[in-house]
Amino acid sequence: MSEARLPATGEIEIETPAEAAALVEEIAAADAERMLIVLDIDGTVLLEDESPSPGIVEAVADARRAGHEVMLATGRSWEATRGIQELLQIAPDYAVCSNGAVIMARVGAADPASLVYERRHVETFDAAEVLTLLREHLPDAHYLVELPDGRREYTDYMDDWNLDRASKVAFEELARQPVTRVVVVSPEHNEGDFVELVDRVGLNQVSYAVGWTAWLDIAPKGVDKGTALALVREWLEVAPENVLVMGDGRNDVGMFAWAKQHGGRAVAMGQGPQEVQDAAGEVTASVLDGGVAEVLRRL
């Protein structure tokens, strides 16, 4: 606390309403700073069956009541993200989607009955070369691209894909215009196969992450959740050291590095790969055991 002080025991000190309000604000600020809390979705907020991690809804509500900003940063498209915001009962100013290639911004007040979001920032790339290269090695894989306006195009149906605003096209049509994201799923390959393939073919013109299943997610070169969150933090005017990010996958490593580099906290989920845990500054319990709620309760 600066020059303001509390009266000594037994002392009565009369303050004007304005002075009293300033003192209360100073005491509150000394106890807690507004934080930017950023959560990955799959494996962090949600279990594999799409149900919420134990205690997370209540813990998020408590964090918001304490004045913190809680938002999502995910590899999912916006269409697959907005429902998770509803599940968590949040309407943040921003949502980072498509592994950082898309930042959605809320338009107007946080009214649950009339929430509107628009694309504030979009990164794209020409996917022709990478698609051709991957198809040479994965001819039977399922391919999907996300377009700058949020529409998606895919080659084969997948049960676990959200295909709102999506159209089935021939493989050759996927690269006819710049995209924000490429997703490759090969059911007959495992995570280790994908990691080995990435090392072997050398995807030098893009950013990529291998999921905990046989899922390869490709973004524009130099783009990840961390690059998007750097913009969001500036727009929200949150101090770098008041950032907390949590995730479980390789696509979270970029935001871990960004948060730690600037004095913030990075927390990996307990079930995440060892390399992801090593990249974080802390490790919490698994998503199944309520790892996010465990961290948020300690704030």
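**Group meeting: helices, sheets and cores in a predicted model**

Let's start with two helices. H6 covers residues 225–236 and H7 covers residues 253–261; they pack at an angle of about 45 degrees, and their axes are 7 Å apart. That angle makes H6 oblique to H7. Keep in mind that this is a predicted model.

Who makes the contact? From H6, we have Lys225, Gly226, Leu229, Ala230 and Arg233. From H7, they meet Gly254, Met255 and Trp258. By class, the residues of this contact split into 4 nonpolar, 2 polar and 2 charged.

Now step back to the whole chain. The secondary structure comes to 9 helices and 14 strands. The protein chain has 299 residues, and 47% of them are buried. Take the contacts with a separation of 6 or more: 55% of these join residues 24 or more positions apart.

Next, the sheets. A quick reminder: strands of a sheet pair through backbone hydrogen bonds, either parallel or antiparallel.

The parallel case here is an open sheet of 5 strands, in the order E2-E1-E12-E13-E14. Which strands stand at the edges? They are E2, residues 69–72, and E14, residues 282–283. Each has a single partner strand, so one side of each has no neighbour in the sheet.

Look inside that sheet. As one example, glycine 247 has alanine 268 in E13 as its bridge partner. H7 comes back here. H7 packs on this sheet and touches E1 (36–39), E12 and E13. The direction of H7 makes about 160 degrees with that of E12.

The antiparallel case is an open sheet of 3 strands, in the order E3-E4-E5. E3 (94–97) and E5 (116–122) are its edge strands, each pairing on one side only. On average, neighbouring strands of this sheet are turned by 30 degrees against each other, direction ignored. E4, residues 102–107, pairs with E5 over 6 bridges in the antiparallel sense.

The largest nonpolar core has 26 residues. Which of them touch the most other members? Ile37, Leu39, Val45, Ile56, Leu72, Leu244 and Met246 do. Two or more residues come from each of E1, H2 (56–65), E2, H3 (82–88), E12 and H9 (291–297). H2 gives the largest share, 5 residues.

Zoom in on leucine 244. Beyond residues up to four places away in sequence, leucine 244 touches Met35, Leu36, Ile37, Val38, Arg265, Val267, Val295, Leu296 and Leu299. Another core lies apart from the largest one. That other core has 25 residues, including Ala127, Val145, Leu203 and Val206.

Where does serine 77 lie? In the loop between E2 and H3. Is serine 77 buried or exposed? Its relative accessible area is 2%, so serine 77 is buried. What is serine 77 in contact with, leaving aside neighbours within four places in sequence? The contacts are Cys97, Ser98, Glu146, Arg152 and Arg181.

That's my tour.

Technical notes
Residues numbered from 1 in each chain as written. Predicted model: local features only at pLDDT ≥ 70, side-chain atom pairs only at ≥ 80, totals over all residues. Heavy atoms only, no water. Axes fitted to C-alpha atoms, helices over the stretch in contact; angles between N-to-C directions. Helix = DSSP H or I, 4+ residues; strand = E, 2+ residues; numbered from the N terminus. Parallel < 35°, antiparallel > 145°, perpendicular 65-115°, else oblique. Contact = heavy atoms within 4.5 Å. Nonpolar A, V, L, I, M, F, W, Y, C, P; charged D, E, K, R; others polar. Pairing = 2+ DSSP bridges. Core = buried A, V, L, I, M, F, W, Y, C linked by side-chain atoms within 4.5 Å. Buried < 20%, exposed > 50% of the residue type's maximum accessible area, 1.4 Å probe, protein only.
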